[in-house]
Amino acid sequence: MIQRRFLTSSLLASACLGVAPAWAARPTRSRTTRASDYGSFLAAVRQEALSKGISPQTLDAALALSAPNARVLQLDRHQPEFTLTWSQYRSRTVTPTRLQQARANYDENLSLLTAIWQRYGVDPRILIGIWGLESNFGTRAGTFQVVDALSTLAFDGRRASFFRSELMNALRILDHGDVTPAGMLGSYAGAMGQPQFMPSSYLRFAVDWSGNGRRDIWTDRADVLASIANYLSRSGWRRGEPWGQEVRLTAPIDPARTGRGNPRPLGDWEAAGVRRDDGGGFSRADVSGSLLLPDGAGGAAFMVYPNFNVIRRYNPSDFYSLAVGLIGNGAA
């Protein structure tokens, strides 16, 4: 999901550990009371939505809910934290299978990707990288009904204001007719479709590339890829510039000089012992880049450029952004 991403994931659901949903254990609120509270909450949501101009017909279809979604609460309350090194993360995400799929999808969609590049100027390989990580090239776009998930999270109280705002945005999308409530699928936290846009990001960045009057990020591949490109373009993507490259160090580098906040001309880095991964020198000494050592001294090293930070606008994680770039590199 956008504005929202975690490197950690719910790989083990609490149900598998024998943990009951936290709300189910609250002794002071019976299931009947909680259902009544939820009904009152939905009634208030309906009144707010009506005041914002959302049609009663849309609300009748979208808010036909009887109780909070226990599975959503389960996943939200019990998110096991897995601390991965970059090497471990890379081995799990930049796999030979995913690289093979990236190449196949790049080749299959080359005409579409070229047309999108001509309009938005975003490297099509990066679109493939994000698409691959977010939904495994469209094969895993989420199974939760978004209004159900967002209503549950807004009602539950943790980050209630955020989720209620996203719920209103989801209702606006439904009212526009881009998708039906049953077709508006996503993650348990409300990230939608193949690009995993939150509803607010959908309203800002989703594109009707196919020209059918609907911005379909669930089933329309053209809309999906163009929407990702629009997101990056409007986040500051620099046409014709790379995201970064893997490098090697021929001498120790002071850790205080590394990190995204310490850009230096490549000529300075080269003088300090940084080389391209093939051992050669950089072609442009005047270009500035930042040195990343995601596993610290002795591990992999990357030189990253302003477009790397644009990828981080999609997901604020160095690991994620490096993986997107490497998958993209492997696509073509």
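I take helices (H or I, at least four residues) and strands (E, at least two) as DSSP runs, numbered from the N terminus.

**Entry 1: the model**

I worked on a predicted model, in which local features need pLDDT of at least 70 and side-chain atom pairs count only at pLDDT 80 or more, while totals for chains, interfaces and linings use all residues. Residues are numbered from 1 along each chain as its sequence is written, and side-chain values use heavy atoms, with hydrogens and water left out.

I noted 14 helices and seven strands in the protein. For burial I used relative accessible area: buried is under 20%, exposed is over 50%, and partly exposed is in between (1.4 Å probe, protein chains only). On that scale 49% of the 332 residues count as buried. I then looked up contacts, meaning heavy atoms within 4.5 Å. Among contacts in the protein with a separation of 6 or more, 72% are between residues 24 or more positions apart.

**Entry 2: helix H4**

Which residues of H4 are buried? In this helix, residues 86-93, I found Trp-86, Tyr-89 and Thr-93 buried. Viewed down the axis of H4, these buried residues fall within an arc of 65° (taken from the directions from the helix axis to the C-beta atoms), so they line one face of the helix. I recorded Ser-91 and Arg-92 as exposed on the other side of H4.

I next asked what the buried residues of H4 pack against. Their partners are helix H5 (96-108), helix H7 (124-135), strand E7 (301-304) and helix H14 (318-331).

For helix pairs I used axes that are lines fitted to C-alpha atoms, for helices over the stretch in contact, with angles from 0 to 180 degrees between N-to-C directions. Angles under 35 degrees count as roughly parallel, over 145 as roughly antiparallel, 65 to 115 as roughly perpendicular and the rest as oblique.

The axes of H5 and H7 come within 10 Å and cross at roughly 130°. This makes H5 oblique to H7. I logged the crossing of H5 past H7 as right-handed. On the H5 side the contact is made by Arg-98, Ala-102, Asn-105 and Tyr-106, and on the H7 side by Pro-124, Arg-125, Ile-128, Trp-131, Gly-132 and Leu-133. I sorted contact residues by class: Ala, Val, Leu, Ile, Met, Phe, Trp, Tyr, Cys and Pro are nonpolar, Asp, Glu, Lys and Arg are charged, and the others, Gly among them, are polar. The contact of H5 with H7 has six nonpolar, two polar and two charged residues.

**Entry 3: H7 against H14**

H7 and H14 pack with their axes 7 Å apart, at an angle of about 120°. H7 is therefore oblique to H14. I recorded this crossing, too, as right-handed. H7 contributes Arg-125, Ile-126, Ile-128, Gly-129, Ile-130, Leu-133 and Glu-134 to the contact, and H14 contributes Tyr-320, Ala-323, Val-324, Gly-325, Ile-327, Gly-328, Asn-329 and Ala-331. By class I noted nine nonpolar, four polar and two charged residues in the contact of H7 with H14.

**Entry 4: helix H6**

In H6 (residues 110-120) I found Leu-112, Leu-113, Ile-116 and Tyr-120 buried. They cover an arc of only 95° around the axis, which puts them on the same side of H6. Ser-111 and Gln-118 are exposed on the other side of H6. The cover over the buried residues of H6 includes H5, H7 and helix H11 (221-234). Just after H6, I noted that Gly-121 takes a positive phi of about 75°.

**Entry 5: single residues**

Is His-176 buried or exposed? His-176 is found in helix H9 (residues 160-176), and it counts as exposed because its relative accessibility is 54%. I read a C-alpha to C-alpha distance of 9.8 Å between His-176 and Gly-213, which are 37 residues apart in sequence.

Ser-187 has its place in the loop between strand E2 (185-186) and helix H10 (199-205). Its relative accessibility of 16% makes Ser-187 buried. Leaving out residues up to four places away in sequence, I found Ser-187 touching Gly-142, Phe-144, Ala-149 and Gln-196.

Gly-281 lies in the loop between strand E5 (274-276) and strand E6 (288-292). At 27% relative accessibility, Gly-281 counts as partly exposed. With residues up to four places away in sequence not counted, Gly-281 touches Glu-270 and Arg-276.

Terms used:
A crossing is left-handed if the near helix is turned anticlockwise from the far one by less than a right angle, and right-handed if clockwise.
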